Amino acid sequence: MRTPRKSLRAVLALGALGAAITLTACGGGDTVGGASDNKAEVAEPGPPVDGEFNISTWVGYIDKGDGNTISKFEEEYPGTNVNYTEDVNDNSDFFGKVQPLLDEGESGGRSMFVVTDWMAKQMNDLGYLQEIDYADVPNVDANLKDSLRSPSFDPDRKFSIPWQSGMTGLLVNERLAPDVNSVNDLFDPKYKGKVTVLTEMRDTVPLLLKADGIDPEDATKQDWLDEIDRLQGAVDSGQLRRFTGNDYVQDLTNENVVAAIGWSGDIALIANDSVDWRMPTTGCIIWSDNMVIPVGAPNTAAALAWADFAYDPEIQAPISDYVRYVSPVEGIEKVNPALAKDPLVNPSDEFTADCSTQPNPPGSAEDVQEVTEAFQAVITQ
Amino acid sequence: MTTRRRLIPYWLLAPGAIWLALFFVVPMYFMGELALRSGTFTEGFESAFQISNFSDALSGHTNQVVRSFVYAGTATLIALLIAYPLAYAIALRAGRWRLLLLFAVIAPFFTTYLIRTIAWKTILADDSPVVSVLQALQLVPEDGRVLATGGAVIAGLTYNFLPFMILPIYASLERMDTGLIEAGKDLYASSTQTFLRVTLPITAPGIVAGVLLTFIPAVGDYVNAEILGGTGTAMIGNVIQSLYLEQRNYPEAAALSFLMMLAILIVVLIYLRVAGSGAFMGDEDERRA
Amino acid sequence: MEAATVSSRAGSKPAPARAWAWLRRNALLIFAGLAVLYMLVPIFVIAVFSFDTGNAQGELDFAWDGFTLEYWQNAFANKAVTESMVTSLELAALATVVSTAIGTLMAMALVRHEFFGRRATNLLIILPLATPEIVIGAALLSMFISYKVSLGFTSLFIAHVMFSISFVVVVVRSRLIGFDRSIEEAAADLGSTPLTTFRTVTLPLLAPGIVGAALLAFALSLDDFVISNFNSGTTVTFPLFIFGASLRGIPVQVNVLATMLFVLTALTIVLVLWQQRKAKEMASVRPEQEGQPAQV
């Protein structure tokens, strides 16, 4: 430090060393990211089904304990070893980690991911997914609910099979915030610093749009940006406490938060009797988390067998009973009649009449990027 | 024989130097190269010499940059104020309790930092006894809260990096010759004077090391702001995380990372110059001279 | 002796003054006690909640539901928790051994030898310390991908050794600086080969520093979330598992294992410290302050 020139030289020497090593070790790689050639393969069905089967999915999305679904699957297909990894915490976060691999045509050893609709579409658009032949998954073909058969992002369900669906609405503490019925009520100064919204832009912004009477399907980019401005205002005034993922569970349990935008199935996790999931007066957002098979996936036979297995109502019923999300499988109420009565597991058409499917921001990739950046700027300030 | 002798240090250095070169310098080089690319994620990032990434990265995020340094600086200062007396007590006054206290200071380190941070969330919940006491003492407004504020983030940073402050200070105090204090007392009579003129200078290298080991990871941290923070408490780490994983603007993320490293290096160098100690940089030659 | 005069004088004073005097005399220790308490509060919370019944799924719900020993009896029953813990321990042990060995050699070179390029080496060691974890994590990820290193245990091992080396060097070096060479020279004079001298003299005297460095490396590796999050592939370490689980519900066993780990570490540290004290008594024959760094 007493001789800064020497230090500088040292830095330069290190840089040169790094460059030299890099140049000798690494040949190509001129671009990073970008869409690869879109040549969708069809997932190979096997047989036989055995060996290692790696699946990356969300936490708490399958039943646990004795005789759980995973052990039943391993029993059904002896020789198969299911590595059920709960490493998807956030669509973007997960994508950020696997994208570089997918770009090289590899899946990091995973045979299957479970991701939300828009992420499944984004992956498919980039050529990162394999197609699914319905002949290989007869149970899915037979038991997938009609309402989920042709979503706009994948009209023929070519590359995605729903694992569970859910509704985004309001989680409300009935005792402390009895009059929160609409998303707009979250902006009531009475609840300053006691409300949260989701970091998932495609849930939060469309709910705000609906609360303002705008159908998310018809919303323009400007509408999205206006709602993001509204969030900015609520941040500036101290109205919004946090932007959260599932971690609102703790805040709602401890009553740090009295009302939040949240996902229907999470009501099972909140240990506070006063807290309930409410359908917003202007309707909810409906989404699915889908099983997809990435490019370069090993053991696609096991992946297809797994999807088919989960679509057997006998197998699905205990999963559904545990996770409390909306099941995409027809016929579970015959196995477990109690499930039919639960509006969060088996919502009637009437119940969800005002709901919209989870939309993407409108426009080109650049427009989506602009809206995403604006939203992220509000979150990370 | 002499050539062999001269080569010894290089043999000793080789494994570590190669490891750091391959797995630190090379990745940094990749990052630097990425920081100069242009384009978008969907179209691919082309090699270019786009310096503007750096100004873009900085212009949008001055608030977070300033906040990170303020939070980390405050946390470091509080940690120093807690750590010095604690280390002093353990090293010189604890007697047979010394081992027990030292253990109590090190052991939390081994219970994953994430669970500890989550535990703080329970301790600081809005209606928790701790917050009620703080409200009664008027340290927190009557209807105020601790969680989801900048204060909670600073508290989390202080807590999580405190061992990094205590250990170097403890080490320097422990190695100090207590005879010097006795001599100081004879010379200066007052114990305050002795402390200021003898103890503090002798333990300065420990303080310097502790401050740096606390400050640097604290500036770059994002977990505390993520778990304990609220709206308007994001630090640079959170922005980099968002740029990388949510917005997939790799060049700007890399550029901001570099600027952050640079800023930290500058602060560290200025600090070391002012503190006038080569201890952290390992300038043994200073001693030999 | 000062304490004695104060207390004898205090005897003649009224009670509040006596209390005040006592407070003043023990202020430092009281403060230390409070500070230690502060450091242990979260551990206490974690330990208490390891006896909580949790919710129907055996997860913590951040509210006290009742006392049970169930999760201590079935501490390893939750496969995901146990596996992630085992992964973390294996990783930490391996990374500690390698980084401690490499770092100790580097520290010896830096303290014991004059050579061309020591400033560059010093910088190479300081830079990783001055680099935020998130930057290291992201940079490593881009490199692993470019070289097509598949992400998993190996990439984690590489990363953990990398960020531990600098800490090891700093700790071992500080021990080496205050180190008396004359014992080694005496051994050499007595005809001992350099290797034997190293094994029988240098290493035992350095042991406390090395053990301290190893403990630090182990703790850093066990604790790391940010860098691992970028480079883990499908491998799930304990912190990664906790982060994922914290979003929905942390299995009570996480707290059980965390508490166990705390107790085990406690025992290990106490053992190591005792050992250190013995070593110091052994080493105290040497003149203590000779090798200490010159002061500013």
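So, chains B and C: 80 residues of chain B are in contact with 77 residues of chain C. Keep in mind as we go that this is a predicted model. Which element of chain B gives the largest share of the side that touches chain C? That would be helix H1 of chain B, residues 2–35, with 18 residues. As for the make-up of the side of chain B that touches chain C, we have 62 nonpolar residues, 11 polar and 7 charged.

Now turn to where chain B meets chain A. Here 42 residues of chain B touch 34 residues of chain A. Helix H1 of chain B turns up again, giving the most to this side, with 7 residues. Among the elements supplying at least two residues each are also strand E2, 44–46, and the helices H11, 236–246, and H12, 250–275, all of chain B. And the classes? The side of chain B that touches chain A has 20 nonpolar, 12 polar and 10 charged residues.

Let's stay with chain B and look inside it. Chain B is split into domain 1, residues 75–234, and domain 2, residues 243–277. Their C-alpha centres are 24 Å apart. Where the two domains touch, domain 1 of chain B brings 7 residues and domain 2 of chain B brings 5. On the domain 1 side of that contact, you'll find 6 nonpolar residues, 1 polar and no charged ones.

Over to chain A, and a pair of helices: H6, residues 201–211, and H7, residues 221–236. Their axes come within 9 Å and cross at roughly 95 degrees, so H6 of chain A is roughly perpendicular to H7 of chain A. From H6 of chain A, the residues involved are A:Val205, A:Leu208 and A:Leu209, and they meet A:Asp223, A:Trp224, A:Glu227, A:Ile228 and A:Arg230 of H7. By class, that contact has 5 nonpolar residues, no polar ones and 3 charged.

Last, a word on confidence. Chain A has an average pLDDT of 87, and 89% of its residues score at least 70. Residues 1–38 of chain A, though, stay under 50, and the model has 58 contacts beyond four places in sequence for them.

Terms used. Residues are numbered from 1 along each chain as its sequence is written. Chains are lettered from A and ligands numbered from 1 in the order in which they are written. This is a predicted model: local features need pLDDT of at least 70, side-chain atom pairs count only at pLDDT 80 or more; totals for chains, interfaces and linings use all residues. pLDDT is the predictor's confidence in each residue, from 0 to 100. Domain bounds come from an automatic or database domain assignment. Ala, Val, Leu, Ile, Met, Phe, Trp, Tyr, Cys and Pro count as nonpolar, Asp, Glu, Lys and Arg as charged, and the others, Gly among them, as polar. Helices (H or I, at least four residues) and strands (E, at least two) are DSSP runs, numbered from the N terminus. Axes are lines fitted to C-alpha atoms, for helices over the stretch in contact, and angles run from 0 to 180 degrees between N-to-C directions. Angles under 35 degrees count as roughly parallel, over 145 as roughly antiparallel, 65 to 115 as roughly perpendicular and the rest as oblique.
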